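Please work through the following exercises with the sequence and the 3D structure open beside you. Each task is followed by a solution that goes step by step.

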Amino acid sequence: MPNLESAFYRVVDSLDDETASFESVPDLLRTVCSLYDLKSAAYFGVNLSGEGSEEPLLAVTYSSEWVAHYKIQSFVDIDPVISKGFSSLLPIVWSAYDARTTRLKRFFGEAAEFGIGKRGLTIPIRGRNGDRALFTITSDQNLVDWSGSQKRFERDFQMLAFHLHQRILKARGVERPAPKLAPRELECLKW
């Protein structure tokens, strides 16, 4: 098992790079996979400008063959991570959905065949202006090891997902000023 504290701070330092562009996100995701001994990682964002008219944004370490297969098979229509992720506040553990129907068994089975990973965790991200994103990590750990790692991963990746989302917004030129607090709100925070 990698040193998770060291991995966490190395990723945070990478996210603080002011010169980074969106094109560097897949490289960052590969670094995350390497540091945490993961199979794959993905970021999927929608409504990033807050206007709702733009295309979704995808950065993955998945193979291009899997991405093409996913689109051709219209897996977006049955993918529980997508359908539940944008309405959930809590992390989504893939094992809660992998055996519910024959189509889902096929979907998760094909994902594993394409090298996505047997176990997965998706962190929903909600922004201030209606922006939404999903950050997913996968692993090929056995069930016992995964159940031990999962809680540590949830802790780290809830924070890392938020920072990654903020970096992507900044790289895309979406600057949002911090909300201003009323004097009474500031007083409450002070106390």
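**Exercise 1. Describe how helix H2 is oriented relative to helix H6, and say which residues join them.**

Before starting, keep in mind that this is a predicted model. Two packed helices are described by the angle between their axes and the distance between the axes.

Step 1. Find helix H2 at residues 25-36 and helix H6 at residues 143-171, whose axes come within 13 Å and cross at roughly 165°.

Step 2. Compare this angle with the cut-off, since angles over 145 degrees count as roughly antiparallel; H2 and H6 are therefore roughly antiparallel to each other. The crossing in which H2 passes H6 is right-handed.

Step 3. List the residues that meet: from H2 these are Val25, Leu28, Leu29, Val32 and Tyr36, and from H6 they are Phe153, Asp156, Phe157, Leu160, Leu164, Arg167 and Ile168. Sorted by class, the contact of H2 with H6 has 10 nonpolar residues, 2 charged residues and no polar ones.

**Exercise 2. Carry out the analysis for helix H3 and helix H5, beginning with the angle at which their axes cross.**

Step 1. Helix H3 covers residues 64-72 and helix H5 covers residues 102-113; their axes come within 10 Å and cross at roughly 160°.

Step 2. That angle makes H3 roughly antiparallel to H5, and the crossing of H3 and H5 is right-handed.

Step 3. On the H3 side the contact is made by Trp66, His69 and Tyr70, and on the H5 side by Phe107, Glu110 and Ala111. By class, the residues of the contact of H3 with H5 divide into 4 nonpolar, 1 polar and 1 charged.

**Exercise 3. Which residues touch the most other members of the largest nonpolar core, and which element supplies its largest share?**

In soluble globular proteins, nonpolar side chains tend to be buried together.

Step 1. The largest nonpolar core has 35 residues, and those that touch the most other members are Tyr36, Phe135, Phe157 and Leu164.

Step 2. At least two residues of this core come from each of helix H1 (4-15), H2, strand E1 (40-46), strand E2 (57-60), strand E4 (119-126), strand E5 (132-139) and H6. H6 gives the largest share of this core, 8 residues.

Step 3. Look at Phe135 in detail: not counting residues up to four places away in sequence, Phe135 touches Leu29, Ala42, Leu121, Thr122, Ile123, Ile125, Phe157, Ala161 and Leu164.

**Exercise 4. Is Ile137 buried or exposed, and which residues is Ile137 in contact with?**

Step 1. Locate Ile137 in strand E5.

Step 2. Its relative accessible area is 1%, and buried means under 20%, so Ile137 is buried.

Step 3. Leaving aside its neighbours within four places in sequence, Ile137 is in contact with Leu38, Ser40, Ala41, Arg119, Gly120, Leu121, Phe153 and Phe157.

**Exercise 5. What is phi of Asp37, and where does Asp37 lie?**

Most residues other than glycine have a negative phi.

Step 1. Phi of Asp37 is near 55°, which is a positive value in a residue other than glycine.

Step 2. Asp37 lies in the loop between H2 and E1, and Asp37 is exposed, with a relative accessible area of 54%.

Step 3. Turn to Asn47, which is not a glycine and has a positive phi of about 55°; Asn47 lies in the loop between E1 and E2.

Key:
Residues are numbered from 1 along each chain as its sequence is written. This is a predicted model: local features need pLDDT of at least 70, side-chain atom pairs count only at pLDDT 80 or more; totals for chains, interfaces and linings use all residues. Side-chain values use heavy atoms; hydrogens and water are left out. Axes are lines fitted to C-alpha atoms, for helices over the stretch in contact, and angles run from 0 to 180 degrees between N-to-C directions. Helices (H or I, at least four residues) and strands (E, at least two) are DSSP runs, numbered from the N terminus. Angles under 35 degrees count as roughly parallel, over 145 as roughly antiparallel, 65 to 115 as roughly perpendicular and the rest as oblique. A crossing is left-handed if the near helix is turned anticlockwise from the far one by less than a right angle, and right-handed if clockwise. Contact means heavy atoms within 4.5 Å. Ala, Val, Leu, Ile, Met, Phe, Trp, Tyr, Cys and Pro count as nonpolar, Asp, Glu, Lys and Arg as charged, and the others, Gly among them, as polar. A nonpolar core is a set of buried Ala, Val, Leu, Ile, Met, Phe, Trp, Tyr and Cys residues joined through side-chain atoms within 4.5 Å. Buried means under 20% relative accessible area, exposed over 50%, partly exposed in between (1.4 Å probe, protein chains only).
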